[in-house]
Amino acid sequence: ASSQSASQAFSSSQAASSSQASPPTLRGAAAASSTGAAAAAGGERFDDAFKALELAMLHAQIPEKYRIKDFVEPRSGIHRVSPHQLQRLLDCSDADSKVQVVDLRTRAERERTSCIAKAAWEEVSPSRPVNYDAMKTNFASAALVVFHCSYSAHRAPSVAHMYADMVAASCQKVGVLTGGFNAWVDTFGGASASAMELSSRQALLLGRAHLQGMKVASSEMAARAVSRPGPGRAGALDGQELLLLQKRFAPT
């Protein structure tokens, strides 16, 4: 029953976001040239495009302009997907069943600056915990799940880490859009400079609040784990996992 209600809650947030106007999925020159021949032959397949891009996405360096205060470095194994690389994957003929983009920004951020076409919406804010169970259920068929927020500096990498832990037993790949929606707009346009500036200031506050919230939550979980030892605490993280969680996500 709990998994059904989680799925329903997620579906409700999806329905709310679908009423917003999405910008066209613009294709940059680099993506157009790399996929032109394949498109002429019926469309590049996701598996071929992903194989060609995977090594670069695993080892990409994130530009300093997107490394804002308290930046969370995507850990080893998380794909660092640039806007052009994401556009190439989205342009694949079987992308609808293979690629899932997840927008973690708030409703206000999305309404102010628009969004990437076909991206799912899972709002992350201090008052709204992340529904990982619903995401795992709803994105189970995707080969690649790419998270982003405004900068992909706080919310996106931290959520990607937790989600990757949940799907570790599967073959699903997890990535973060390098530079977030800001990098998407820098690459393809789609939002005004004034709107992006305001959204960026809000993103810094939301991101740091999210990290602090994770630190508090992990401390509370540790307290519960100590007070409820044994089989009765099924699903609780052990002490070592909690230490890693706090070290990974706590602001410096």
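Predicted model: local features only at pLDDT ≥ 70, side-chain atom pairs only at ≥ 80, totals over all residues.

- The buried residues of α4 are P83, Q85, L86, Q87, R88 and L89.

**A closer look at Q85**
- Q85 has a relative accessible area of 15%, and because buried means under 20%, Q85 counts as buried.
- Leaving aside residues up to four places away in sequence, Q85 touches L53, A56, M57 and R80.
- A polar atom of the Q85 side chain lies 2.9 Å from the backbone nitrogen of S82.

- S82 belongs to the loop that runs between β1 (79-81) and α4.
- With a relative accessible area of 23%, S82 is partly exposed, because this class lies between the 20% limit for buried and the 50% limit for exposed.
- S82 and L177 are 95 residues apart along the chain, yet their C-alpha atoms are separated by 5.8 Å.
- S82 touches L177 and T178, again not counting residues up to four places away in sequence.

**How α4 packs with α3**
- The axes of α4 and helix α3 (residues 46-59) come within 9 Å and cross at roughly 165 degrees.
- Angles over 145 degrees count as roughly antiparallel, and α3 and α4 are therefore roughly antiparallel to each other.
- The crossing in which α3 passes α4 is left-handed.
- On the α3 side, the contact is made by F46, A49, F50, A52, L53, A56 and M57, while α4 brings Q85, R88 and L89.
- Sorted by class, the residues of this contact of α3 with α4 are 8 nonpolar, 1 polar and 1 charged.

**How α4 packs with α9**
- Helix α9 (residues 180-188) packs with α4 at an angle of about 85 degrees, and the two axes are 9 Å apart.
- Angles of 65 to 115 degrees count as roughly perpendicular, so α4 is roughly perpendicular to α9.
- Here P83, H84, L86, Q87 and L90 of α4 meet A183, W184, T187 and F188 of α9.
- The contact of α4 with α9 has 6 nonpolar and 3 polar residues, and no charged ones.

Technical notes: Residues numbered from 1 in each chain as written. Heavy atoms only, no water. Buried < 20%, exposed > 50% of the residue type's maximum accessible area, 1.4 Å probe, protein only. Polar contact = N/O pair within 3.5 Å; in protein donor to acceptor, adjacent residues only side chain to side chain. Contact = heavy atoms within 4.5 Å. Helix = DSSP H or I, 4+ residues; strand = E, 2+ residues; numbered from the N terminus. Axes fitted to C-alpha atoms, helices over the stretch in contact; angles between N-to-C directions. Parallel < 35°, antiparallel > 145°, perpendicular 65-115°, else oblique. Left-handed = near helix turned anticlockwise from the far one by under 90°. Nonpolar A, V, L, I, M, F, W, Y, C, P; charged D, E, K, R; others polar.
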